Amino acid sequence: MMQAGGPDASRLLLQRVREVAATVVDKQDRLDAISTEIAEVMGAEVCSIYVRHGDSRLLLTATRGLNAQAVHNTTLAVGEGLVGLVAESARPVNLPEAAAHENFAYRPETGEEAFHSFVGVPLLRGGLVIGVLTVQNVRPRAYARDEVDALQTVAMLVAEVAAAHEPPSDDIGEDPRPVRLEGRVLNAGVALGAAYMHEARLPVQNMVSGGDPAGEIARVDEALEEMHRALDDRFHAADLAGEGEHREVLQAYRMFAEDRGWLSRIREAVRGGLSAEGAVVRIQEQMRARMRQLRDPFFRERLHDLDDLSNRLVQHLAGEAGRMQKDELPADAVVVARNMGPAELLDYPRERLRALLLEEGSHTAHVVIVARALDIPVLGDLKDISAIAEAGDRVAVDGENGQVFIRPGAQVEQNFLHAMQMRDERRAQFAVLRDKAARSIDGVEVSLNINAGLLIDIQQVAAVGAEGVGLYRTEIPFMVRSRFPDVEDQQRLYSRALDLSEGRPLVFRTLDIGGDKVLPYWRLAEEENPAMGWRALRLTLDRPQMLRQQLRAMVRAAAGRDLHVMFPMVAEVSEFERAKAVLNAEIERERNRGRDVPASVFAGTMLEVPALVWQLPALLQITDFISVGSNDLLQFFFAADRANPRVAARYDLLSPAVLAFFAHIVDSAEGANRPIAFCGEMAGGVLEAMTLIGLGFRKLSVAPASVGPVKAMLRSTEVAPLADYVRSLVGLPDRTVRDKLRAYALDHDIPL
């Protein structure tokens, strides 16, 4: 029996548990023997192992000291009792008198009333709490920090054993049948290839040092230097054309690799008796568990970077044994991962990558920004794809519609290949149209522009034959940074955006943050209805310094050039007046200081709030242009949350009510002789774009991939008869007129 903690206890515990894991075959016997060994080494009367089943249930799976009848019968919810508290917090709980704690939950069938002290540590695997390891004593006893550290160390190995104890489920990952998954398009594209499972984590065999912490710290420092050199070489060698946020992402990642807090915790763990590899994994698991509990997107993004760096450092510590075997990567790899950091993507040879599929992921995830720069299709929110797909599975990726087909079968694959060929042919046709005018058969011209959120998106303007950028979402660059950019940083960003537009019009939308778009370094209070809450212009008018700084940066960046500024979420004319007054004040401020100002300034309004439609006569007298943002406008119009799957598809955008609404807006703008544009996602659908043109919209802003199809449609259309037909549908009582519009296109040979 060893009641002292520290490296000796950790080493002895790991040695005993490893022997049991290697020699005991039966899963239940293995856990029982492990609990016995831990109790003896720790000098405890009780050692119990709880394994998590499902999302919220902790089952007593093995024990030494509690009543045997309680095994597989006693359960606790996550958050219930001391065991549940450990699982919920992902942190150790150490109490000399357990019953005195407010979370104590008595389970009479266990016989634990005889025991006073309690120590529980989480079983962490992949940053998730998969169970809890506890020790208890008859007498009140406060376990020393070294002893708790020893338990946490051995819990890493127990977690691997406990994971194998999970009862078999109906896991479709073993089902050879085809599977179709729906996800979120993070970077559009189509691909067909073989699944490659991204498993960056290298198994660590030796968790405890051999008694030479100074030597282990030296190994850490040497591996860090090697990792930094390798990262620098990788980033310099990466084929990333142009400048943009992907560069900032890689620079921020490189800075995180030098984070003193992360490195000091690793060194401290080594001094506590862990090996260099064991310390990295220990800190990684602890930080993953804690960061997963945070809702802040910045910290969750850092979690992926942390995983990437920790895995990479372990690989460097392992030397040649940790290097990725590039010859194992298929020539047509579709990489499947829960998530990954940006540097991990660069580890793969670009010529072999066809697509990236993520269980998690977001438009502002660092790996997605780098993938966009490399022109790799990415889908996210693919639930359980890591369990469903297996290495080598054929995978068809429809990155236009957010679908993935796993093991599609010969016929489906052939159909997909045919569809890809047709798509390539259509893209070739669109490429021919790139330099041709967006003009209808009867001579009506429509300005086709793109929506952009990153600098690299602006480079698509010339590539797809668009006239300019109808909507530049300025908040996205803010969301991938670790701090709020100052005026100089913003000026450089906006100046570069205008440079990339090469004289074409570019419309800056001021910050639309709040709601589902949160700045990672600025915490906002939770709201019941965030889409209709403190966001966009409402927020920046209440924080005028933020608005002034952004407009000042735009004015300086556009010196001698045209400046187009658009304010989002305007609900009242007075809000636009206040925002425009700030813009005018910043222009006057620059002029008074003797600085160059923009050659011309156009201040416009996003039309996203239905209330503003009934103020159009007053608004159109003072605004230079309006742009309809259908994403928010129509969810408010139908009172249907577009993020709620139960109601998002309940109402059709091509309903007579919507057509009448848009017709009124167009007629009002034309009557006041004010330009009107449409920049919502609705305009990206060819049938929807045809309808909008029929209603009178002459400027559309769409995703780059939609420019070609919309232009092909327009060049095959006579607008005059189309306008008459679309207007005739306005007064119908139908729920939708989509089929009627589709039939019109078919009858008039309009390609959809």
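Guide: Serine 310 sits in helix H9, residues 297-318. Helices here are DSSP runs of H or I with at least four residues, strands are runs of E with at least two, and both are numbered from the N terminus. The model is a predicted one, in which local features need pLDDT of at least 70 and side-chain atom pairs count only at pLDDT 80 or more, while totals for chains, interfaces and linings use all residues. Residues are numbered from 1 along each chain as its sequence is written, and side-chain values use heavy atoms, with hydrogens and water left out.

Visitor: Is serine 310 buried or exposed?
Guide: Serine 310 is buried, at a relative accessible area of 0%. Buried means under 20% relative accessible area, exposed means over 50%, and partly exposed is in between, using a 1.4 Å probe and protein chains only.

Visitor: And what does serine 310 touch?
Guide: Not counting residues up to four places away in sequence, serine 310 touches Trp262, Val280 and Gln284. Contact means heavy atoms within 4.5 Å.

Visitor: Where is glutamate 590?
Guide: Glutamate 590 belongs to helix H20, residues 573-592. With a relative accessible area of 1%, glutamate 590 is buried.

Visitor: Which residues is glutamate 590 in contact with?
Guide: Leaving aside neighbours within four places in sequence, glutamate 590 contacts Arg552, Val555, Arg556, Arg595 and Val597.

Visitor: What about glutamate 344: buried or exposed?
Guide: Glutamate 344 counts as buried, at 5% relative accessibility. Its place is in helix H10, residues 342-346. From C-alpha to C-alpha, glutamate 344 and leucine 309 are 9.0 Å apart in space, and they are 35 residues apart in sequence.

Visitor: Changing topic, how do H25 and H26 cross?
Guide: The axes of H25 (residues 686-695) and H26 (residues 704-714) come within 10 Å and cross at roughly 50 degrees. That makes H25 oblique to H26. Axes are lines fitted to C-alpha atoms, for helices over the stretch in contact, and angles run from 0 to 180 degrees between N-to-C directions. Angles under 35 degrees count as roughly parallel, over 145 as roughly antiparallel, 65 to 115 as roughly perpendicular, and the rest as oblique.

Visitor: Which residues make the contact?
Guide: H25 contributes Val686, Ala689, Met690 and Ile693, and H26 contributes Pro709, Val710, Met713 and Leu714.

Visitor: Last one: how many disulfides are there?
Guide: A search of the whole structure finds zero disulfides, a disulfide being a pair of cysteine sulfur atoms within 2.5 Å. Cysteine 47 is buried at 0% relative accessibility, and cysteine 679 is buried with a relative accessible area of 4%.
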